[in-house]
Amino acid sequence: MQNLVEIRDLRVKATTDAGNVLPIIKGVSFDIAPGEIVALIGESGSGKTTIALTLMGHTRKGCEITGGEILLSGQDVVRMTEAQRQAMRGTEVAYVPQSAAAAFNPALRLIDQVVEVAKIHGTMPMAEARAKAIDLFRALALPDPETIGNRYPHQVSGGQLQRLSAAMALIGGPKLVIFDEPTTALDVTTQIEVLRAFKSVMKERGMAGVYVSHDLAVVAQIADRIVVLKGGEVQEIGATAQILHHPAHPYTNELLSAFEPRTFARAADPVAANAQVPVLEVSHVFAGYGPLGADRLPHKLVLKDVGCRLEKGCNLGVIGESGSGKSTLARAIAGLLPPAKGKVLLNGELLEPASAQRSKEDLRRLQIVFQLADTALNPARSIGDILGRPLTFYHGLKGAARQARIAELLEMVRLPRTMMHRLPAELSGGQKQRVNLARALAANPEVILCDEITSALDTVVAAAVIDLLKELQRELDLSYVFISHDLSTVQAICDEVMVMNGGETVETLRARDLPDGARHPYSRLLFDSIPQLDTGWLDRIPARVA
Amino acid sequence: MAVSFPTPRRLGYRLNWTGALAALVVLFWALTAIIGPWFMPHDPGEIVDFDFFGPITDQLWLGSDYLGRDMFSRILMGARYTVGISLAAVVLACASGVILGMTAAVSGGWFDTVLSRLFDALNSIPSKLFGLVMVAAVGSSIPVLILVLAVIYLPGAFRFARALAVNINTMDYVTVARARGERTPYLIMNEILPNMTGPVLADVGLRFVFIVLLLSGLSFLGLGVQPPYADWGSLVRENIGGLPFAAPAVIMPSLAIATLTISVNLLIDNLPTKIRDRSE
């Protein structure tokens with residue numbers, strides 16, 4: 001049988017702003033058979049999205065295909081004219097982007113955007129296109145398929161929007177669909193529905209697909225074959241089951257081992273041994289946004305009567321989906337969003353609700369680290385300045401003593417001391433997150449609030465950051481509040497896990513009892529929705545009753 | 001194509017050719033403003049030519065004006081007014097506007113509301129009319145002119161800086177600094193300002209040009225620089241009658257204004273990336 005896609009020795013080069021030419025894709029070759037779904041997997045910077053985009057003859061700005069060929073149904077995409085490529089996009093190849101929210105025009109009705117491909121290519125009359133779109137909505141298990149198209153993008157949920165963007169890609173009846181991390185931005189419970197819809201519609205229509213992801217467990221559910229990439233080169237190609245169970249390449253092994261849940265095991269059980277005052281105690285906190293109402297509570301209440309305890313030297317995990325209020329809890333504890341009611345106690349002492357009213361000493365003892373190191377580090381200041389400021393601010397360090405302490409901090413987070421002269425933009429994502437952490441350490445805190453600090457990192461890098469956190473805890477006697485949506489990271493570091501939903505505490509569990517010890521139906525649903533490294537997992541779990 | 005200038009802090013602030021050329025022109029006019037009057041061949045108020053709108057001769061390097069005065073001397077003298085007053089006014093307007101704008105964005109609340117509405121009100125008064133009334137009431141002197149021009153252009157600078165600062169204020173690094181307990185002066189000078197230098201400098205360039213133009217307008221109405229002295233704007237206005245004769249008296253001050261304003265903007269647009277936008 002002839003292959004639908006044949007990629008031979010593909011090479012892509014990028015020109016940086018400074019004029020340097022870097023090879024991004026270094027001679028990649030693989031095939032896709034008709035009706036087959038091939039996953040491209042790798043860390044950020046591995047070139048997986050770049051390869052996927054070249055299938056449409058597109059490269060990002062500054063990049064250029066410099067060699068090789070991409071045969072799509074026998075035609076070379078690389079040597080096509082731009083007009084030929086345009087004719088091909090949407091009808092031969094279609095693209096489902098990572099962020100559906102950014103891909104839809106907020107001012108137009110959904111159906112008009114979904115049928116746009118048919119309109120541009122003039123492949124079918126509008127009435128027929130609309131009927132086909134409604135068929136697709138039904139196939140993708142969207143609620144109210146007849147009328148959902150009349151809504152605007154902000155009137156549907158994130159998971160629905162992602163399925164609608166798949167409908168947009170499928171309307172032209174392409175032979176090949178490119179999925180670029182379509183479920184990465186979704187919650188686990190939503191991800192299941194979207195994956196299931198994608199899988200059934202692809203199988204039903206016999207379309208071939210390229211699924212780009214960094215998540216092996218997600219890929220295991222949907223792909224027939226997996227291409228493992230690193231640094232623009234193919235490491236290993238194989239059937240999904242083979243890659244998962246008998247990986248041949250050491251890098252694939254590394255990826256798989258970063259995925260295995262590692263439960264945090266301590267010699268003694270500090271939770272039970274500790275009867276003293278908890279280092280951080282939150283009780284009956286109500287917080288939210290907007291003006292205060294008659295009941296002295298904010299108009300839009302996010303946290304409803306939330307409480308938690310953190311013993312000294314222990315770690316508390318807070319887990320929940322987006323909108324569960326877990327980040328708001330961190331902001332309320334840090335005083336960035338003063339709670340309307342309730343108490344926050346540090347070492348048994350009551351903290352003022354707003355950070356502006358707290359003493360410098362209280363502020364020093366409680367530090368917060370944010371998720372996105374890109375936005376948490378001032379791009380205009382050098383790493384040395386960023387780390388030096390809390391030293392001067394809290395400890396009054398100056399001159400040589402300050403320089404020495406900056407070097408020490410960089411060493412603590414395993415970064416070379418020469419890094420202090422660099423700007424944040426010159427660092428990789430993992431390095432930035434380490435600097436972000438070092439800034440919190442500069443204060444010599446007792447409690448660090450970690451708000452999704454590993455979510456934006458690749459699995460291997462995230463695992464290294466978690467190891468670093470554990471080491472620092474041993475050395476510096478820290479306690480962490482670890483907020484995440486990812487159960488495996490929480491399990492890897494926490495003693496106790498608090499499950500949140502809709503701004504309320506669902507239940508608090510010992511980490512070693514996870515995930516089977518969950519009793520509340522919501523926690524069970526949450527834990528069951530986490531994809532497993534197992535090809536049959538998606539088909540086994542029962543559909544969620546919406 | 002780029003030239004490097006050895007700078008004390010670090011060798012290698014690179015300026016491209018356009019920027020270097022613009023810097024030279026700006027430097028030239030700045031020097032002229034400072035030392036020019038010592039090189040005036042004639043008194044700027046003295047009638048030295050029997051003809052008006054005279055051509056370029058070896059006596060009168062840039063011809064003569066509508067009364068037969070030496071244009072070269074008058075342009076040298078005008079440089080001091082135009083460059084000096086405009087520069088002082090633009091620095092005053094932008095510095096206070098940017099600082100107030102950032103403070104308003106960071107503190108929010110009533111401070112922001114009161115300041116914003118106040119400047120909106122100020123903005124609603126036509127700038128020429130406001131200048132006219134103010135100068136007519138207080139009397140024309142150079143400090144008054146600088147102050148009036150600064151006040152007229154302050155609300156714009158405030159709005160611009162506030163709009164930029166509001167966006168930067170929501171970034172996590174500002175939140176981190178706030179959680180650390182930093183006060184407003186640190187927040188605006190160290191966390192916010194370095195991330196908006198590029199757009200703010202561009203705004204300074206644009207505002208400089210507006211001020212040069214408004215100053216000429218005021219001078220034309222007799223409220224700016226008082227005769228026999230004149231800034232470049234008034235030189236153009238008073239010699240506009242020479243236009244049909246292609247007199248150098250009208251071309252030369254126009255060229256002076258054009259070179260200065262264009263160079264200021266080109267210089268700012270081509271500043272080394274390290275100064276303009278460190279984050280890039």
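V344 of chain A lies in strand β14 (residues 341-346) of chain A; strands here are DSSP runs of E with at least two residues, helices are DSSP runs of H or I with at least four residues, and both are numbered from the N terminus. The model is predicted, with local features needing pLDDT of at least 70 and side-chain atom pairs counting only at pLDDT 80 or more, while totals for chains, interfaces and linings use all residues. Residues are numbered from 1 along each chain as its sequence is written, and chains are lettered from A and ligands numbered from 1 in the order in which they are written.

V344(A) is buried, because 22 other C-beta atoms lie within 10 Å. The cut-offs are 20 or more such atoms within 10 Å for buried, 12 or fewer for exposed, and partly exposed in between, with C-beta atoms placed from the backbone. Beyond its neighbours within four places in sequence, V344(A) is in contact with V282(A), I333(A) and L351(A), a contact being two residues whose C-beta atoms, placed from the backbone, lie within 7 Å. S46(A), by comparison, is 298 residues away from V344(A) in sequence and 44 Å away in space, C-alpha to C-alpha.

In chain A as a whole, the secondary structure amounts to 22 helices and 20 strands. Buried residues account for 46% of its 546 residues. Of the contacts in chain A between residues at least 6 apart in sequence, 68% link residues at least 24 apart. The C-alpha trace of chain A spans about 70 × 55 × 45 Å along its principal axes. A compact globule of 546 residues would have a radius of gyration near 24 Å, and the 25 Å of chain A agrees with this; the radius is taken over C-alpha atoms, and the globule rule is 2.2 Å times the number of residues to the power 0.38.

Chain A is assigned domain 1 (5-259) and domain 2 (278-530), with bounds from an automatic or database domain assignment. The centres of the two domains, taken over C-alpha atoms, are 35 Å apart. Their contact takes 11 residues from domain 1 of chain A and 12 residues from domain 2 of chain A. On the domain 1 side, α8 (188-205) and α11 (250-259) of chain A each supply at least two residues, and α11(A) gives the most, with four residues.

One open sheet of chain A has six strands in the order β16-β17-β18-β13-β19-β20, with mixed pairing; two strands pair if DSSP finds at least two bridges between them. The edges are β16 (366-369) and β20 (504-510) of chain A, each with a single partner strand, so one side of each has no neighbour in the sheet. From one strand to the next, the twist averages 20°. Within this sheet, β13 (residues 315-319) and β19 (residues 496-501) of chain A run parallel and are joined by four bridges. V318(A) stands opposite M498(A) in β19(A). Helix α13 (residues 326-334) of chain A packs on the sheet, touching β13, β16, β17 (447-451), β18 (479-484) and β19 of chain A, and its direction makes about 150° with that of β17(A). Axes are lines fitted to C-alpha atoms, for helices over the stretch in contact, and angles run from 0 to 180 degrees between N-to-C directions.
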